[in-house]
Amino acid sequence: MSHLPADARPRVTLPQLHTWHHAGRKLVMTTAYDAVTARIADAAGVDIILVGDSVGNVCLGFENTLPVSMAMMNHHLEAVARTQPTAMLVADMPYLSFHLSVEDTLRNAGGFLQRGAQAVKLEGGAKRLPMIHALIDAEIPVMGHLGLTPQSVNPMGGFKVQGKHKGDALRLLEDAQKLQEAGCFSMVLEGIPADLAAKVTETVEIPTIGIGAGPQCSGQVLVIHDVLGLLPGSSPKFVRRYAEGFQDLRDALALWAEDVRSGGFPDGRESYTLPEAVRPVLTQWHP
């Protein structure tokens, strides 16, 4: 039997998440898209790392998540998985990866698990139940996602708060019950009124992970670039920056560029020298 170092955390598992949830501990989830962000997130002690299809907006320059493919997701998941995080690793099912057939859904999700994910997340309510049932039957844990589902940006008419009308709120409450009954181990609630999210959290037994859904959810998720202030410009209302990463990193790089142009970098500290016995070669050699 292998043994963990004294200061190492054991890998977060599904039963561990449920234990924490039932004990009333708030769950913390953030995104990671490569080895660097994965190492930062894991060192910070988050409970869940999500390799989100938000990689499209955050890292790949797309306006929304719709162009993100399975190949892109696999690439980024593999990079994160190589760091062997102790946080639970969840992979986002991108657009069209679970819409066409049960067979496609199982193949795509199973590929995520083969690449190191412990669970998958997919967007949508009752209409996604056949896919969710198939995934659960195949022993693939599923995290649901209700409210503002970014893959539905076109029918929603943009990234707008959802559930503000009576019918929409009731539908979301019903969908939450159906996702739980289907076997989802948790669900993301995004971009909905705080009191609606609180009602969902009160009426389901599985953890709710909020983003723009108020403080009463079982846990919270934010994109790591938003938390660290790595993206220029204004942030959505639900984001709180804990650093000004873009400004700090820009300033540091600008200082380096200034040193290069002035001749201040590199100096002896960053340079190598020939051994004394070899230096005469430089004066003796002529082209």
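In strand 3, Ala91 is the bridge partner of Val51. Helices (H or I, at least four residues) and strands (E, at least two) are DSSP runs, numbered from the N terminus. The model is predicted, so local features need pLDDT of at least 70 and side-chain atom pairs count only at pLDDT 80 or more, whereas totals for chains, interfaces and linings use all residues. Residues are numbered from 1 along each chain as its sequence is written, and side-chain values use heavy atoms, with hydrogens and water left out.

Strand 2 (residues 48–51) and strand 3 run parallel and are joined by four bridges; two strands pair if DSSP finds at least two bridges between them. Strand 3 is also joined to strand 4 (residues 119–121), again in parallel, by three bridges. Within strand 4, Lys121 is the bridge partner of Asp92. Strand 3, helix 5 (residues 102–114) and strand 4 form a right-handed β-α-β unit, right-handed meaning that, with the strands pointing away from the viewer, the path from the first strand over the helix to the second runs clockwise.

Strand 3 (residues 88–92) is mostly covered, with five of its five residues buried; buried means under 20% relative accessible area, exposed over 50%, and partly exposed in between (1.4 Å probe, protein chains only). In a regular strand the side chains alternate between the two faces of the sheet. Here Met88, Val90 and Asp92 point one way, Leu89 and Ala91 point the other way, and all are buried.

How much space lies in the largest cavity? It is about 30 Å³. On a 1 Å grid over the protein atoms alone, a cavity is a set of points where a 1.4 Å probe fits but cannot get out, and lining residues have an atom within 4 Å of a point. Grid points are joined across faces, edges and corners, and a volume is the space filled by probe spheres set on the points. The residues lining the largest cavity are Leu17, His18, Leu27, Ile48, Met143, Phe185, Ser186 and Pro207.

Cys184 is buried, with a relative accessible area of 3%, whereas Cys59 is partly exposed, at 36%.

Technical notes: On a 1 Å grid over the protein atoms alone, a cavity is a set of points where a 1.4 Å probe fits but cannot get out, and a pocket is an open set with protein on both sides within 12 Å along at least five of seven lines; lining residues have an atom within 4 Å of a point.
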